[in-house]
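Please read them with the coordinates open.

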Amino acid sequence: MKRVLFNVASAVLLILAFGPGLALAKDKIVLGFSQVGAESEWRTANTQSIKDAAAKEGITLKFSDAQQKQENQIKAIRSFIAQRVDVIAFSPVVETGWEPVLREAKRAGIPVVLTDRSVSVKDESLWVSFLGSDFVEEGRRAAKWLVDYAPVKELAAKGEVNIVELQGTVGSAPAIDRKKGFEEILKNQPKFKIIRSQTGDFTRAKGKEVMEAFLKAEGKKINVLYAHNDDMAIGAIQAIEEAGLKPGKDIVIVSIDAVKGAFEAMIAGKLNCSVECSPLLGPQLMSIVKDVVAGKPVPRRIVTEEGVFPQETAAKEFPNRKY
C-alpha cells in the first residue's frame with residue numbers, strides 16, 4: 001500500500017514540475033482528413049505526403065477518399081465530428097455548400113484546416129487556416145510563359161493565337177482561379193483568343209475526350225492548349241497524336257502541376273511548359289495541426305513556394321522530382 005501511495009505521489013510531483021502536458025504525453029493527436037479523390041498523379045502524391053507526415057509525427061490519421069463527390073466529404077466530416085477528432089482537415093471538391101457542416105464542426109469545438117483548395121463561406125471563422133498554392137498566380141504564370149514563348153510570339157506577329165482550354169472540375173477553386181489568372185494576363189493581349197473552353201474534370205480520360213471534341217470542331221485552327229492540370233494535358237496529347245498532329249509543335253501545350261508525367265512528356269517534346277503546384281503538403285499540415293491543438297496562433301493563409309518549368313529545363317530537373 002505504501003508503494004502505491006508513493007507512486008501516486010511521485011506522479012503528482014512530476015505533473016506539477018513539468019506541467020499537465022506530461023500526463024497527456026501518451027495521448028496521440030487524432031486528425032480527420034477528407035481527400036478529394038485519386039483523380040490524378042498530383043492527388044496520389046498529395047495523399048501519400050499526408051499519410052507519411054502523419055506517421056512520422058505520431059499523429060493518428062482518419063482518412064477518407066471522397067471520390068470527387070461533395071456529399072461523400074460532408075458525410076466524412078460529420079463522421080469525424082461524431083468521433084470527436086482533435087482537428088478536421090480537408091481538400092474541398094468545390095468551393096460552395098460547406099457552411100452547414102462547418103458550423104456543426106465549430107459547435108463541436110473542432111477546428112478545421114483547409115488544404116490545397118479553399119471554400120467560399122460567409123462566416124470566415126468556420127476555418128482556422130488554409131494551406132495551399134495560389135491558383136490565380138498559377139494561371140498568370142501559365143499565360144505569362146505563353147505570351148513570351150518565341151514560337152507563339154512569332155505566331156501573334158502574323159495573326160491571332162487560337163487557344164483551347166481544358167478546365168478543372170466545375171466549381172472547384174483551382175478551376176475557377178486558374179482560369180481567372182490566365183484570362184487576367186490575356187486581357188492585355190488582344191491577339192490571344194480562347195476559342196473553346198470546357199471541363200476535363202482533372203482526369204486523363206476526360207482530357208482526351210474533350211480534346212477530341214475540340215479537334216473535331218476547330219481542327220488545325222488550334223494553336224495552343226491550356227490545361228488546368230498535367231493529367232488532362234497528357235490525355236489531350238494522346239488525342240492530338242491520334243488526330244495526326246504533333247503535340248508540342250503543331251499545338252503548343254502549357255499545363256499546371258509539374259508532376260513526373262509532365263516532365264516525361266516535356267523530355268519527349270510533347271509538352272512545352274508545366275507550372276508547378278506542389279502536392280507535398282503533409283509536413284506543413286502536421287505542423288499546423290500540432291500548433292492548433294497546442295493553442296498556438298497559426299497563419300490564416302500559407303502559400304507554398306513553386307516554380308515554372310519550360311521544356312528545355314525538364315531533363316535536368318527530372319531527377320529532382322519527388323512526385
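**Notes on the predicted model**

1. Start with Leu271. Leaving aside residues up to four places away in sequence, Leu271 touches Ala233, Ile237, Ile253, Ser255, Ala262, Ala265, Met266 and Gln311. Contact here means heavy atoms within 4.5 Å. Leu271 sits in the loop between α10 (260–267) and β10 (273–276). Helices (H or I, at least four residues) and strands (E, at least two) are DSSP runs, numbered from the N terminus.

2. Is Leu271 buried or exposed? Its relative accessibility is 1%, so Leu271 counts as buried. The cut-offs are under 20% relative accessible area for buried, over 50% for exposed, and partly exposed in between (1.4 Å probe, protein chains only).

3. On provenance and confidence. This is a predicted model, where local features need pLDDT of at least 70 and side-chain atom pairs count only at pLDDT 80 or more, while totals for chains, interfaces and linings use all residues. Residues are numbered from 1 along each chain as its sequence is written, and side-chain values use heavy atoms, with hydrogens and water left out. pLDDT is the predictor's confidence in each residue, from 0 to 100. The chain averages 92, and 92% of the residues score at least 70. Treat residues 1–26 separately: pLDDT stays under 50 there, and the model has 5 contacts beyond four places in sequence for that stretch.

4. Next, the sheet. Six strands form an open sheet in the order β7-β6-β8-β9-β10-β12, with mixed pairing.

5. Look at one pairing in detail. Strand β9 (residues 252–257) and β10 run parallel and are joined by 4 bridges. Ile256 stands opposite Val275 in β10.

6. α5 lies across β6 (161–167), β7, β8 (224–227), β9, β10 and β12. Its angle to β9 is about 155°. Axes are lines fitted to C-alpha atoms, for helices over the stretch in contact, and angles run from 0 to 180 degrees between N-to-C directions.

7. Salt bridges. The structure holds 24 of them, each being a side-chain nitrogen of Lys or Arg within 4 Å of a carboxyl oxygen of Asp or Glu. Glu57 pairs with Lys290, the closest N and O atoms being 2.6 Å apart. Glu57 lies in helix α2 (residues 41–57) and Lys290 in helix α11 (residues 282–293), so this pair ties together parts that are 233 residues apart in sequence. Glu57 is partly exposed at 35% relative accessibility, as is Lys290 at 34%.

8. Pairs within a helix. Glu137 and Arg141 form a salt bridge at 3.4 Å, N to O. They are 4 residues apart in helix α5 (residues 135–148), about one helical turn. Glu209 and Lys206 also meet at 3.4 Å, N to O. Both lie in helix α8 (residues 204–218), 3 residues apart. Glu209 is partly exposed at 46%, and Lys206 is partly exposed at 28%. Elsewhere, salt bridges that share partners join Glu39, Arg43, Asp116 and Arg117 into one network.

How values were computed
Two strands pair if DSSP finds at least two bridges between them.
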